[in-house]
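Morning, everyone. I have one structure to walk through, and I will keep it short. Please look at the screen.

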Amino acid sequence: MLAALALCGITGCATNSPTAVVGQTDDAGITAGVKAALLGDASLKANEIDVDTDLGVVKLSGFVSSADDVAAAAAAARTVRGVRSVRNELRLK
């Protein structure tokens, strides 16, 4: 019986939880969606904005040319399904 318990403990450590994998997949999809939303706004230079997502929280960083662009990027990010909140760390050039 001890051997069976030890074996269960060893194999349990080697597997990923389905919840963690789903979260990673959702975050990747959200990041892609936010990048697409930023590209869809012609006033933004989307290639100068970095997007990172963790558990639905999107972090925007990089440089933009105006305060309006800071607000527009955050607004675009919020339109993406699955975004729980936006941490806007964009800086003005």
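A word on the source. This is a predicted model, where local features need pLDDT of at least 70, side-chain atom pairs count only at pLDDT 80 or more, and totals for chains, interfaces and linings use all residues. Residues are numbered from 1 along each chain as its sequence is written, and side-chain values use heavy atoms, with hydrogens and water left out.

Layout first. The chain has 3 helices and 3 strands. Helices are DSSP runs of H or I with at least four residues, strands are runs of E with at least two, and both are numbered from the N terminus. In sequence order the pattern is α-α-β-β-α-β.

Now burial. Of the 93 residues, 29% count as buried. Buried means under 20% relative accessible area, exposed means over 50%, and partly exposed lies in between, with a 1.4 Å probe and protein chains only. The chain exposes about 6,200 Å². Carbon and sulfur atoms supply 59% of that area. The areas come from the Shrake-Rupley method with a 1.4 Å probe, and for residues only the protein chains shown count as cover.

Contacts next. A contact means heavy atoms within 4.5 Å. Take the contacts with a separation of 6 or more: residues 24 or more positions apart account for 62% of them.

Two strands pair if DSSP finds at least two bridges between them. Strand 2 and strand 3 pair in the parallel sense over 8 bridges. Gly62 has Leu90 in strand 3 as its bridge partner.

A nonpolar core is a set of buried Ala, Val, Leu, Ile, Met, Phe, Trp, Tyr and Cys residues joined through side-chain atoms within 4.5 Å. The largest one has 20 residues, and Val34, Leu38 and Leu60 touch the most other members. Helix 2 (18–39), strand 1 (49–54), strand 2, helix 3 (67–78) and strand 3 (85–92) each give two or more residues. Helix 3 gives the most, with 6. Beyond four places in sequence, Val34 touches Val51, Val58, Leu60, Ala77, Val80 and Val83.

Ser61 sits in strand 2. Is Ser61 buried or exposed? Ser61 counts as buried, because its relative accessibility is 18%. Leaving aside neighbours within four places, Ser61 contacts Glu48, Ile49, Asp50, Glu89 and Leu90.

Phe63 is also in strand 2, residues 57–64. Phe63 is partly exposed, at 45% relative accessible area. Not counting residues up to four places away, Phe63 touches Glu48, Arg91, Leu92 and Lys93. Asn47 is 16 residues from Phe63 along the chain, and their C-alpha atoms are separated by 9.8 Å.
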